[in-house]
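Dear colleague,

Please find below the structure that I am handing over to you, together with its sequence. My notes on what was found follow directly after it.

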Amino acid sequence: MSPNVNMDISVIIVNYNTCTLTCKCVDSIFTHTRTVQYEVIVVDNDSQKDDSKQVLSQYPGIRYVQADSNLGFGKAKVIEKLRTWLTTRSEERFSRNAET
């Protein structure tokens, strides 16, 4: 899939059995990012829990990429070929308006 050229940045969150943390991270992005066009992509490293249903039901507008195995953080963050991106772990929070 090619990147959306209208986006300033794509935020990639790598998830592995951290659904609650991932949801808090997405909440903080939606709450504190105002002046840039962005998309949120969650890459799931083959979680043993059913994280995808919970995350997708709470945030239907995000992209959810399901890996077939646990790729680790390094490989998971580059699973999507994007123009401009920020990768974060699920425990991270955005606390101020993100600027490009």
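In this predicted model, the side chain of E39 makes a polar contact with the side chain of R63 at 3.2 Å. A polar contact here is a pair of N or O atoms within 3.5 Å, where within protein one must be able to donate a hydrogen and the other to accept it, and residues adjacent in sequence count only if both atoms are side-chain atoms. The R63 and E39 side chains also meet in a salt bridge (3.2 Å, N to O), the term being used for a side-chain nitrogen of Lys or Arg within 4 Å of a carboxyl oxygen of Asp or Glu. R63 lies in strand β3 (residues 63-66) and E39 in strand β2, so the pair ties together parts that are 24 residues apart in sequence. The count of salt bridges by this rule is one. Side chains of opposite charge can pair when their charged atoms come close.

Both partners, R63 and E39, are buried; the cut-offs are under 20% relative accessible area for buried, over 50% for exposed and partly exposed in between (1.4 Å probe, protein chains only). E39 counts as buried because its relative accessibility is 10%. D8, in the segment before β1, is partly exposed at 32%. D8 and Y38 are 30 residues apart in sequence, yet their C-alpha atoms are 5.8 Å apart in space.

As to the overall fold, the protein chain has three helices and four strands, in the order β-α-β-α-β-α-β from the N terminus. Helices (H or I, at least four residues) and strands (E, at least two) are DSSP runs, numbered from the N terminus. Of its 100 residues, 40% count as buried.

The largest nonpolar core has 13 residues, such a core being a set of buried Ala, Val, Leu, Ile, Met, Phe, Trp, Tyr and Cys residues joined through side-chain atoms within 4.5 Å. β1 (9-15), α1 (19-32) and β2 (38-44) each supply at least two residues of this core, and the largest share, five residues, comes from α1. Among those with the most contacts inside the core are I13, I29 and V40. Leaving aside neighbours within four places in sequence, V40 is in contact (heavy atoms within 4.5 Å) with V11, I13, V26, I29, F30, I62 and R63.

Residues are numbered from 1 along each chain as its sequence is written, and side-chain values use heavy atoms, with hydrogens and water left out. As the model is predicted, local features need pLDDT of at least 70 and side-chain atom pairs count only at pLDDT 80 or more, whereas totals for chains, interfaces and linings use all residues.

Yours sincerely
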